[in-house]
Amino acid sequence: MRVIIQRVKSSQVTINGEVVGKIGQGLNLLVGIADSDTEAELDWMARKCLDLRLFPGTDSNSDRWEQSVQEIGGELLVVSQFTLYGDCRKGRRPSFSRSANPEQAEQLYQQFVEKLRQSGLRVETGVFGAMMQVSIENDGPVTLLLER
C-alpha cells in the first residue's frame, strides 16, 4: 500500500465540473493499493495517517510539527490513485502489474476509508475509478510518501 500524504489548507475533488469531495485544513491522501495488500496494511496505514505529527504546535512561535490531524480536529480527503504503482523503469509506458485488480482495490480502498472514519474526523472521498480533478492547496508544502 502506498499513500501520498499532503498537509493541506484545503483540497477538493471534481468530476465533470461537480465537486464530489471537499475539505478544509487537514490531509489529502492519494491511495494506491497493491495486489498483495491485506487488512494488516490498511490498519497500519490508517493509524499512521491519523497519528503522524505533521501540524505545528499550539505555540504560535513554534514551527515544530507537534500535532496530528486528530489533535487539530482536521479533515481528510481520500482519493484512489492506482498509478502510484506505475513502474516506469522499462520502456516508455508504465506497467501497473503490482496494482490490485479493480474489484480487490475498491474493496480495500472502501475499508481504508471506513477505518479513517472511525476516528470521528470528517472524511471525504473521490469516486473510485472515476476520472477526477484534484485541487490541492498544499500547506508548507508538506508531502510525504508512506509505504507498507
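Exposed means over 50% relative accessible area, and buried means under 20%, with partly exposed in between. These legends describe a predicted model.

**View 1. R64 and E66 pair in a salt bridge.** The closest N and O atoms of the two residues are 3.4 Å apart. R64 has 61% relative accessibility, so R64 counts as exposed. E66 has a relative accessible area of 34%, so E66 is partly exposed. The structure holds nine salt bridges.

**View 2. R7 and D139 join distant parts of the chain.** Their side chains meet in a salt bridge, at 3.4 Å from N to O. R7 sits in strand 1 (residues 2–15). D139 sits in strand 8 (residues 133–147).

**View 3. K115 meets D43 in a salt bridge.** The N to O distance is 2.6 Å. K115 belongs to helix 3 (residues 102–117) and D43 to helix 1, so the pair ties together parts that are 72 residues apart in sequence. K115 counts as buried because its relative accessibility is 17%. D43, at 39% relative accessibility, counts as partly exposed. Salt bridges with shared partners join E39, D43 and K115 into one network.

**View 4. E41 is buried yet has no salt bridge.** E41 lies in helix 1 (residues 39–51). The nearest side chain of opposite charge is R148, 5.2 Å away. A salt bridge needs a nitrogen within 4 Å of a carboxyl oxygen. Leaving out residues up to four places away in sequence, E41 touches M1, S36 and R148.

Notes: Residues numbered from 1 in each chain as written. Predicted model: local features only at pLDDT ≥ 70, side-chain atom pairs only at ≥ 80, totals over all residues. Heavy atoms only, no water. Helix = DSSP H or I, 4+ residues; strand = E, 2+ residues; numbered from the N terminus. Buried < 20%, exposed > 50% of the residue type's maximum accessible area, 1.4 Å probe, protein only. Lys, Arg positive; Asp, Glu negative; His and termini not counted. Contact = heavy atoms within 4.5 Å.
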